[in-house]
Structures are given as structure tokens and as C-alpha cells.
Amino acid sequence: MIRNFLKVAIRNLWRNKGFSAINITGLAVGMAAAMLILLWVQNEISFDRFYEKTDNVYLMHSRDKDNGKLAVWSKTPALMSPELKKDYPEVEDAARFRTVYFLMTAGEKHLNPEGAFADSTFLSVLNFPLLKGNGKTALNGNHNIVITKKLSVTLFGDDDAMGKTVRIDSADNFTVTGVLKDLPGNTEFTYQYLLPWTYITKLGWDKSQSWNNSNATTYVLLKNGTSPAAFSEKVKNVIRRHIKEGDGSTREIIIQPLSKVHLYSKTENGQFTGGRIETVKLFAVIAIVILIIACINFMNLSTARSEKRAKEVGIRKVVGAHKNSLIAQFIGESTMIAIIAFFIAVVLVQLSLSGFNGIVGVPLSINFSDPYWWLFALAFILFTGFMAGSYPAFYLSSSRPTEVLKGTFKKANALINPRKVLVVMQFTFAIVLIICTIIVERQLQFARNRDTGYNKGNLAYVFSQGDVLKNYNLIKHDLLNTGAAVGVTKLFSPITRAWGTTTGLSWPGSTDEDKKINFLRFEADADFVKTTGTRLLQGRDIDLNVYPTDSTALLLNEAAVKAMHLQNPVGKPVRNEKGVNCHVIGVVKDFIVESPYEEIKPMVIQGLASGYPVVHFKLNPANSTAADLAKAEKVFKQYNPQYPFEYVFADEAYAHKFKEEQKDGTLSALFAGLTIFISCLGLFGLATYMAKSRMKEISVRKVLGATVSSITKLLSVDFIKLILVSIIIASPVAWWAMSKWLQGFTYRISIEWWVFVLAGVGAVAIALLTVSVQSIKAALANPVKSLRSE
């Protein structure tokens, strides 16, 4: 019987090559799209879940009030980790981590890769696999270093790196005591080397360590059986017990499973409420929707050809076939088509992975050696085969043999029938995706066009390393004199980011509540306004050369003036959190340093007093960018020869803020296009079959004088009505979904009516074009050929 079913299935596929091709192509494209999305989803949900004791590893966060709201950040006091190990029996181990950039020298090679300080216990808490060395002891010595395989090859080629010497920042030699396997793509960590935490003491950087200063990332490994909730409550007030009342004493510690950090980074009122997980869920739904749309094609084309298959069913029932065996036959046929489509889909996925990886920024691949992948493939095929074949199987197997053999089994021309419902479902999903894509792109464009408050064109910056700070005045002089730049300044952080915040400021008329206002903190040197193109609204710029007292001078942004309720801010005294008396010398227009989707926070800019500043320079517009950069490189190489000239353009750094939304928008557009393609493929098949089944009717109408346009309209109008119904259903659904999505942005667009009109007109036009091809072909056919047999 199975052999007979197989023969019939193959014969039907071969006899109806056109419809078989449409079915297989639609399923293959739908399955390929779903597989690509699910590969990405699987990668996202697997972030930092590969450690030996993943379920027991937690990231510590600080929580405190920020401008009246509870804020959460992932930095904690560096002093906390040793205390956790000493005083909390629930803690099996703990480790501190702090990102750093140092010049690395090995022979003639000079690199400036990302690295980190880490406790000796770091590789025990997070057991990244070592190719060489012992993770428990690799960071024990003060001058030990652990590097990744990639960095090892870069520094030493194919030679064994173990025991080799690396010079750090032209100051100290370190011995390689471990080589890590390159970090996978599904981790939040991006370091290329690890230095012992104790090296911070040698550098003197530990002087700023206090319970008030959150400057370390802390990971804890809890013992088996420990209640995370109970431990979180126990450790909650650890900071409060070490600092004076009123001096940050409201700060709390909360914990988060490391496996959830990537997906749950969004907080509301001090609690983790979502984040990346929302996008992951959305695209998982899109994968299922695309697969359903592909299956609907199969259902529609199978039921459209029901009259031909119904005679076969009738004969089988007459000779004794049961309904269950007929259902099994049709499900088997659809599963066979799903198998063929699956292997075509795998080929399509392999061909498109390179481009798809470029969009998502992750090196995704199919691991054919993984038995779980083949189990997934089997389940995926069976699910698709059953979903695609279920309706045709139950529909055809329910036919009565007497009606079929008498020729009375006809499709119902009812106002509503399953086939029309399925077409409406297809295009509803497609139109929702089109509307969402348009709105996402408009939101992105809206944020991109937002006034940044400074001129980022031709503005570049270099991080201060080596001798840059010592030779800053010479570097500035030569950059200006060689014509490479028209402005040079140094800031505490890049213009596109804020590295510091401050609270506890007081001024005439301020209250204790005002001390809780969290200000972004910038530090700037002379020519800040000139170089960055920020707009000075009142007063003057900071200039430590002309005004030595400007180390305590402040520039306020508009948001700060508003938060401080100052009418005439210039000249007003302000006492900072350390009790130092400062004075306001000017007001600048608000400029964006954080998210372009959010409100600009209050900011204070004071004279640059210490630290390792970031040198900003405005390239000379009179020259080409390449010429300016060549001159700038020569200057930096002259005064800082050991370090590579590595610069960042402010406009590129700013554009990076849109990376995730840009990626989501591109994926939405891609899968909306595929959804339309699959839907139109099915519509084309239906239109082809309908035209063939009505050829005699069309021929009679032509003989009676019907025009090509009237026949085309006759064949197209029913499909267009279905698309219009889809538009009516899709519009409110898309409006609800996008309204909810936009609520996540303070600075956002409003959803306008023309978006729905544009999407609707586009869907109708695409559908009309698809259907018209077959309608016009049928209308132009010679009626004699169809009526010859009558």
C-alpha cells in the first residue's frame, strides 16, 4: 500500500509539473527563511549559556535613584568581590573584571587590542576553554597574561606562545601562561587578553577604589542549592553598611543570571523587564508566520485541484479505502513534498548564509555533525508536511463517492470559504510586515535626522595612550600648523559617549532633593566649542590656558539649567559632590551623547583636570580627508611612535547607536519581501488554475463579444477583493504592534494614515500584477480551442 501511495504521489507531481514547482518553491523559500531566522534566534538565546556552571553564575548590578527613578547599572565597587568570598557562605567564588586597552609589543609587532583586568578566579567562575595552560593558576602571578588563539597567531604566528614575553604599554613584560580558545560569537565578552587584577595596584589605579566608586564588573558563582532570591536579599545592602548616611547610602546591589544579561537588559523601576528578548520573540513569530504562509500555498493549490483528486478518492472509497488511510495518503504526499523542499531550503540557506551573517553581524552556520540538528530537521519536515497537508487531506477524504462519481463534487462558490480565508491570512501577514517595515525605517530616519547639537562632520578622536598626554601641546600645535586640523581639544570621554555621572551638586536655592539629580559629567579643555561645533548660548568656552581657574569652571547644557531652575546661570556658584566650589561660565545647547531616541539628560562640563583624556580634532575641510589623516598620522607617530595611529570618526561612532534598530529594520524588510513573494507565488498558482478551469466560460464570453479588459477584470476582481479584506484586517493589527514598539522610545514618530494607504496600494498593485499575467493570457487565448469539444 505504501508503495502504491508513493507511486501515485510521484505520478501526481510529474503530471502537474507547474503546480508541483510552485508548491515546492513556495515551501522551500518559506522553510529557508524560517531556518535562517531560527538559526539567529537559537544563537541569541544561547548567549553565555555554555559555561560548566551556567545556572549558578550571576552578574552583580548597582541600583539607585536617578532623577527620581530607580536606575540599574552593571558596575559595582571593586572592594565588594573579596568581601563576598569572605563573608557570604553562599558564594563558591567571585571575580572582578574591567575592560582596558594597552599597547602590546612582541618583537616588531605593535597592537592595541581590547583586553581586561581579571581576578585569578575569573577562569574558574567562567570556564572559557583553554587550549594551553591551567585556568585555575594562569592569572596567579602579577606578570602573567592569558591571550586568545587569534591574538597568539597575530603576535607569534604558528609558534607556541606559552612562555613567550609580551610588553605592555612600553612599561612591563608579561609572560604568556595561557592560550584561550577564541571566544564564540554568542557571548557578551570581546576581550583578547586577560591581565591579573593585581596589576591595577602596581599602576596605582586602585587609589580610586572605594565603596562609593562603582568601577568593576563583578561575577559570582553561587553554590549548588543556593536560593538566588534569598542571596539577592541578603547582599542587597552590602554597600550601605560601608558608607556614611547620605553619601550614596541608598545604593543597593541586585543580581541577574549571566545567561539572561544579553536578552534582558531593559529595566523599569529598578527591575529587569525585557530588552533583546522582545525582538527575539518577534522574529520567532515571523519565522512561524512565513512557514504558515508557505503551507497555505500548498493548501490552496491542493484544494483548488480537488475535483481531479476527488475522483481518485471516490474510486478508492468504492473499493474499500477508509478515511484514515486516505488522510495518511495525502499527509504522506505533503510530507514527501516537504522533504524535497527541505533539502532545497538547506541549499538556499547555505547559499545565503554569507549575506545573512553580514546583516545580523554573527557568524551563523549549520552544524551537520550535530545529531540534535538532524532531530530538528526531522521534526521541522514532519511539522511542515502535516501543517501543509492537513486541510487538503481532511477536505478530500470527506468527499462522498456518489457525488464525486456523478460529477457533482464541485467547489462551493460561497461568499466565505476556506480557500478565501487562507488567501486573506497570507496577505494579512504580508501587509502587517510591510507596514511595520515602513514604520521602523521612518523611526530610524527620524532619529538619524535629530539635531545632535554638535557638528560631527570631519570630527575625529584618538584615545590618549602612551605619550599623547605628555606631548599634547606639541601634538595640538603641529596638527594646526600642518593644516591637518582646524581645531583640537581634549575631553574626558568621546563626544559620542558619557563615561561619568555625578550627583550631590548644590547651588543657591537648591534643596536636598536636588542633590539626587544625576548629571552627565564631561570634562573639557580649551577650544571645546570650536572643535566640536557645540553651540554656546551664553557666556564663554572653557580655556585653561587663558583662565587657569577654569579647572573649576562649569558649562551647563539647557537640560541642566532647566533641572536647576536657574534664570541667569552664568556666574552662579555650584558646589560639587567633593565640596569643591565651582562657577558657571557658560551655557551650551543640548547635544546628544547617549541614545538618540531618549531625552537629553542634564549635563555639567568642567575644566579637564586629570585622567586620560580623548583627543578630538576637526579635520581641515580645505583638504581631502585622506590628506588630513596622513598629516595627522605623521604628527602622532612623531610624538607617540610606539603606538599605532587609531582614530574614530564621530559620525561613524554616532551611526553605531542605530546598529540594532538598523539590523531589525533590514531583517523586517527582507522577510516582508519574502512573505510577499511566497504569497504572490501561491496567488499566481491559484490564478493559473482558476483561468484554466474557466476557459470554456471565457471562450463563450469572447464569442459573445467580451473584451480582453472585461475578462481580465472578471478574473482579477475576486482576488483584489480578498486583498482589500486583508488590508482592513492588517491595518489595526500593525497599528497596535507598532504603537507598542514605539512606546520604547521617548523621541519617536507618530503613526500617520498614509503609511497604511501606501502599504495597501503596494499590496494591491503587486497582487494585481501577479493575477493579471494569467488573466490576460486567458483572455487572449483562442476560444475555438476550448469550444472545439463542445
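## Ground rules

Residue numbers start from 1 along each chain as its sequence is written. Because the model is predicted, local features need pLDDT of at least 70 and side-chain atom pairs count only at pLDDT 80 or more, while totals for chains, interfaces and linings use all residues; side-chain values use heavy atoms, with hydrogens and water left out.

## Two helices crossing

Let's start with helix α13 (residues 418–448) and helix α21 (residues 708–742), whose axes come within 7 Å and cross at roughly 40 degrees. That makes α13 oblique to α21 (angles under 35 degrees count as roughly parallel, over 145 as roughly antiparallel, 65 to 115 as roughly perpendicular and the rest as oblique). Helices here are DSSP runs of H or I with at least four residues, strands are E runs of at least two, and both are numbered from the N terminus.

What kinds of residues make up the contact of α13 with α21? They divide into 20 nonpolar, four polar and one charged.

## A strand with two partners

Next comes strand β7 (residues 114–118), where four of the five residues are buried (under 20% relative accessible area; exposed is over 50%, partly exposed in between, with a 1.4 Å probe and protein chains only).

Strands pair if DSSP finds at least two bridges between them. β7 runs antiparallel to strand β4 (residues 91–101), joined by five bridges, and G115 in β7 stands opposite V100. With strand β12 (residues 193–196), β7 pairs in the parallel sense over three bridges; here A116 has L194 as its bridge partner.

## A buried phenylalanine

F330 sits in helix α10 (residues 323–360). This residue is buried, with a relative accessible area of 5%. G389 is 59 residues apart from F330 along the chain, yet their C-alpha atoms are separated by 6.4 Å.

Conventions: Axes are lines fitted to C-alpha atoms, for helices over the stretch in contact, and angles run from 0 to 180 degrees between N-to-C directions. Ala, Val, Leu, Ile, Met, Phe, Trp, Tyr, Cys and Pro count as nonpolar, Asp, Glu, Lys and Arg as charged, and the others, Gly among them, as polar.
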